[in-house]
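Subject: Structure handover

Hello,

Below is the structure you asked to take over. My notes on it follow.

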Amino acid sequence: MIEPMPVSSVPTLSVVIPVLNEAENLPILAERLTRALDELGRSYEIIVIDDGSRDASFAILRDLMRDNPHLRVVRLRRNFGQTAAFSAGFDRARGDVVVTLDADLQNDPADIGALLAKIDEGYDVVSGWRANRQDPFINRRLPSIIANWIISRVTGVRLHDFGCSLKAYRADVLGGIRLYGELHRFIPAIASWQGVAVTELPVHHAPRQFGKSKYGIGRTFRVILDLITIRFLLSYGTRPMQIFGLLGLIIGGLGTLVGVYLTYTKLFYGESIGNRPLLLLAVLLIVVGMQLISMGLIGELVVRTYY
């Protein structure tokens, strides 16, 4: 369900907020956010994505929308996840700059002005850094520290806090990015592939007062799997043969060497090799190597068809 603003009022700033069961937080968030945005002196719109909430969130948003001409509400039929919610908001954002934040009141809307100041300096992506994060250490901060360290090393984009939802993007950066899985946290890394300027800015972070966190340690494993996807896309997305072919040559080459060794022992020493596990290993390595090379060729065909 989408409630569009009048066509005549085209905003320069779009604020995208995913919501899942945040009924108690929404009135406070609307008041704080509206006050902070009004102080900026820019035309703006607020796009709230109700990601299948089961509480009174949508009813509250509908009431808030009647009193706030800047507010637009999108209701998803079920819970598709934060990445899908962000993607739905990005598709509907009309501003030159898009700002994202959470609806749990842990992000401070007053920090939006500082993010926009960095955008005005020439940066394309400004990521918030919860330097004084107000979350439990064991199940929230520790996994985040480890994940951020791994993501920085793997992607080459050195940020302290990839998971902070408070970020600012130029709209043209988001235009070429398609999100799925848990990829919303990797937008700075994906955008860096386009050669954009990325920076980080410390922002305020408050403890959660109402509702329950939707994040858990289980999400860390999904992030790691998506990180593997990102690494592949950034390095070999347009040349899959170079990774699959290389692995195929290495594995197939090892199988060939083992086969040559077995052939040598058979011909020159007369040893029986038919019942040796090493023979099965050689055959397996050669077959797997050929399969990997075939996967690389198929990947090249897919890439060329796409482009």
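Contact here means heavy atoms within 4.5 Å. Please bear in mind that this is a predicted model.

The buried residues in question are L26, L29, L33, T34, A36 and L37. The length of α1 (residues 26-40) agrees with expectation, because its 15 residues should span 21 Å at 1.5 Å a residue and its end C-alpha atoms are 21 Å apart. G41 follows α1 and has a positive phi, near 75°.

Domains

The chain divides into domain 1 (13-237) and domain 2 (240-306). Their C-alpha centres are 46 Å apart.

Domain 2 and the annotated segments

An unreviewed UniProt entry places the feature "transmembrane region" at residues 243-265 and 277-298. What does the model show over these two ranges? Residues 243-265 are 100% helix and 0% strand, with 33 Å between the end C-alpha atoms. Residues 277-298 are also 100% helix and 0% strand, and there the end C-alpha atoms are 32 Å apart.

Helix α10 (residues 277-306) has 30 residues. From its first C-alpha to its last it reaches 43 Å, close to the 44 Å expected at 1.5 Å a residue. Its buried residues are A282, L285, G289, L292, G296, G299, E300 and V303, and they pack against α9 (241-269). As background, an α-helix has 3.6 residues a turn, so residues three or four places apart point the same way.

Which residues does L292 contact, leaving aside its neighbours within four places in sequence? They are F244, G245, L247, G248 and I251. For a sense of distance across the model, L292 and N21 are 271 residues apart in sequence and 45 Å apart in space, C-alpha to C-alpha.

Aromatic pairs

Taking ring centres within 6.5 Å as the criterion for a pair, the count comes to five aromatic pairs. One of them is F90 with Y169: the ring centres are 6.2 Å apart and the planes are at 70°, so the pair is edge-to-face. This pair links distant parts of the chain, since F90 is in helix α3 (residues 82-92) and Y169 is in strand β6 (residues 167-170), 79 residues apart. Are these two residues buried or exposed? F90 is buried, with a relative accessible area of 15%, and Y169 is buried as well, at 2%.

Another pair is Y264 with F268, where the ring centres are 4.8 Å apart and the planes are at 35°, so the pair is tilted. Y264 and F268 are four residues apart in helix α9, which means that about one helical turn separates them. Y264 is partly exposed, with a relative accessible area of 42%, whereas F268 counts as exposed at 60%.

F86, F90 and Y169 form one aromatic cluster.

Charges over rings

Two arginines are placed over phenylalanine rings. R75 lies over the face of F58, at 4.3 Å from the ring centre. The charged end of R78 sits over the ring of F80, 4.1 Å from its centre.

A loop residue

R158 is found in the loop between α5 (137-155) and β6. It is exposed, because its relative accessible area of 57% is over the 50% cut-off. Leaving aside its neighbours within four places in sequence, R158 is in contact with S152 and R153. The C-alpha atoms of R158 and P188 are separated by 9.8 Å, and the two residues are 30 apart along the chain.

Regards

Conventions. Residues are numbered from 1 along each chain as its sequence is written. This is a predicted model: local features need pLDDT of at least 70, side-chain atom pairs count only at pLDDT 80 or more; totals for chains, interfaces and linings use all residues. Side-chain values use heavy atoms; hydrogens and water are left out. Helices (H or I, at least four residues) and strands (E, at least two) are DSSP runs, numbered from the N terminus. The expected span of a helix is 1.5 Å times one less than its number of residues. Buried means under 20% relative accessible area, exposed over 50%, partly exposed in between (1.4 Å probe, protein chains only). Rings of Phe, Tyr and Trp (its six-membered ring) pair if their centres lie within 6.5 Å; planes under 30 degrees apart count as stacked, over 60 as edge-to-face and the rest as tilted. A charge sits over a ring if NZ of Lys or CZ of Arg is within 6 Å of the ring centre and within 35 degrees of the ring normal. Domain bounds come from an automatic or database domain assignment. UniProt positions are given in the numbering used here, feature names are shortened, and annotations may be inferred rather than shown by experiment.
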